[in-house]
Amino acid sequence: NDALLAGDFELAERLFNLALKWETEHGSPSRQGDDWGSLGLIAGLQGDLQLAMERLQQAARLHREAGDMRGVGSDLLNVAELCAAQQDWEPGLKICEEAQQILRNVGASDVLERAASTYQVLKRGLLVSTFDATLN
């Protein structure tokens, strides 16, 4: 995490891949999901949104398999934020709604504020995308 916070994405990716290898051999699906989620965030920060999406979806699958619903909600929220970055409004809204429901169910109030903000960004994006730009 220190390498990621310092902006050394190459080192962070190497370290998370090593952690993922270890977790795959010895650890739990939930921790593997954590590593995949971190790798997804790194890919997103490096501008590879497709790879980020794939990694975050893998993280959500592993968190779900482990019964870590807070992890699933966080992963889905990260996917929704990537949808917003790609201006993929409708799928982003659906994914964000699912993330909010899961986070509400597990009492993750600390993440729900971010989820509500992301939902509003997606909702505004969808609304603006329906306006005819030639009328401006």
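A salt bridge here is a side-chain nitrogen of Lys or Arg within 4 Å of a carboxyl oxygen of Asp or Glu. The views show a predicted model, in which local features need pLDDT of at least 70 and side-chain atom pairs count only at pLDDT 80 or more, while totals for chains, interfaces and linings use all residues. Residues are numbered from 1 along each chain as its sequence is written, and side-chain values use heavy atoms, with hydrogens and water left out.

**View A. Salt bridge between Arg 61 and Glu 65 in helix H4.** The two side chains meet at 3.3 Å, N to O. Both residues belong to H4 (residues 49-66), 4 residues apart, about one turn of the helix. Helices are DSSP runs of H or I with at least four residues, numbered from the N terminus. Glu 65 counts as exposed because its relative accessibility is 52%, whereas Arg 61, at 43%, counts as partly exposed (buried is under 20% relative accessible area, exposed over 50%, partly exposed in between; 1.4 Å probe, protein chains only).

**View B. Salt bridge between Arg 64 and Glu 98.** The closest N and O atoms of this pair are 3.4 Å apart.

**View C. Salt bridge between Glu 10 and Arg 14 in helix H2.** The N to O distance is 3.3 Å. Glu 10 and Arg 14 are separated by about one helical turn, because they are 4 residues apart in H2 (residues 9-26). Glu 10 is exposed at 56% relative accessible area; Arg 14 is partly exposed at 46%. In the whole structure, a search finds 6 salt bridges.

**View D. Packing of helices H6 and H7.** H6 (residues 89-105) packs against H7 at an angle of about 160 degrees, and their axes are 9 Å apart. H6 is therefore roughly antiparallel to H7 (angles over 145 degrees count as such). Axes are lines fitted to C-alpha atoms, for helices over the stretch in contact, and angles run from 0 to 180 degrees between N-to-C directions.

**View E. Nonpolar surface patch including Val 128.** Leu 127, Val 128 and Phe 131 make a patch of about 330 Å². Patch residues have over 30% relative accessible area and no salt bridge, with nonpolar side chains (Val, Leu, Ile, Met, Phe, Trp, Tyr) joined within 5 Å. Val 128 lies in helix H7 (residues 109-129) and counts as exposed at 54% relative accessibility.

Technical notes:
Patch = residues over 30% accessible without salt bridge, like charges linked within 9 Å, V, L, I, M, F, W, Y side chains within 5 Å. Areas by Shrake-Rupley, 256 points an atom, 1.4 Å probe, with all protein chains shown as cover. Helix = DSSP H or I, 4+ residues; strand = E, 2+ residues; numbered from the N terminus. Parallel < 35°, antiparallel > 145°, perpendicular 65-115°, else oblique.
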